[in-house]
Amino acid sequence: MAETTPQLTRQRYDSFTLVLHWVTAACVIFLFASAHIWEQLERGTPLRKGLQAVHISCGILLALVMIIRPLWRLFSQHTPQFSMPPVEGARLTKRLAQCMHVALYLLLFTQIALGFLFRWSQQEPFQFFGLFDLSGWVQVTPTLRHTLAQWHGNVAWALVSLALAHALAALFHHYLLRDSVLSRMLPGRAFR
């Protein structure tokens, strides 16, 4: 009789999932911070304009990542090589985590759409690190500029607040529940 070896289960997400997650986190932090930093800078200065240009490019990068993320998630969940076993825990905890992820995705997509609409309403250059230009792809009346800017700002605060709650939940899992939720998403070796 042939000896069977137990199937190995992943202890950490695959490298591509980690890259997508951490690029998303870095973009959200940078986009939020940069918008608040340039508000302190004098209008029309090269530093302010440069920061805004990088902000716009990172917003486009975030949009690209957010197109890839759900597609990769669907693919990886149905591919044994990349799938992860479910985290142990109470049903309520799992439901809260699912709701958190859905809310984060909805806010991210909403924020990206508002950012694009706002930039198109400004009728100014809309470039991705000078590589390609999205200016004029969609015509948005300039009279909506202030409303879109306000919504974009409000969603930014909601998104950062929820992302902070998400990070605190991961720390709660790691330090109080002592499970693998945080270590599954960290690159390299898990810390204790």
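Mentor: Let us begin with one crossing. This is a predicted model, and in it helix 1 passes helix 2 in a left-handed crossing.

Trainee: Which residue classes make up the contact of helix 1 with helix 2?

Mentor: The contact of helix 1 with helix 2 has 19 nonpolar, 7 polar and 2 charged residues.

Trainee: By what quantities is such a pair described?

Mentor: Two packed helices are described by the angle between their axes and the distance between the axes. Here, the axes of helix 1 (residues 15–38) and helix 2 (residues 46–77) cross at roughly 150° and come within 9 Å. Because angles over 145 degrees count as roughly antiparallel, helix 1 is roughly antiparallel to helix 2.

Trainee: At what angle do helix 3 and helix 4 pack?

Mentor: Helix 3 (residues 91–122) and helix 4 (residues 145–177) pack at about 155°, and their axes are 9 Å apart. Helix 3 and helix 4 are therefore roughly antiparallel to each other. Their crossing is left-handed. By class, the contact of helix 3 with helix 4 comprises 18 nonpolar, 10 polar and 1 charged residues.

Trainee: Where do these helices stand in the order of elements along the sequence?

Mentor: The protein has 4 helices and 2 strands, and the pattern along the sequence is α-α-α-β-β-α. Taken along the principal axes, the C-alpha atoms fill a box of roughly 75 × 35 × 30 Å.

Trainee: Which helix gives the most to the nonpolar patch?

Mentor: Helix 2 gives the most, with 5 residues. Phe16, also part of the patch, is found in helix 1.

Conventions:
Residues numbered from 1 in each chain as written. Predicted model: local features only at pLDDT ≥ 70, side-chain atom pairs only at ≥ 80, totals over all residues. Heavy atoms only, no water. Axes fitted to C-alpha atoms, helices over the stretch in contact; angles between N-to-C directions. Parallel < 35°, antiparallel > 145°, perpendicular 65-115°, else oblique. Left-handed = near helix turned anticlockwise from the far one by under 90°. Nonpolar A, V, L, I, M, F, W, Y, C, P; charged D, E, K, R; others polar. Patch = residues over 30% accessible without salt bridge, like charges linked within 9 Å, V, L, I, M, F, W, Y side chains within 5 Å. Areas by Shrake-Rupley, 256 points an atom, 1.4 Å probe, with all protein chains shown as cover. Salt bridge = Lys/Arg side-chain N within 4 Å of Asp/Glu carboxyl O.
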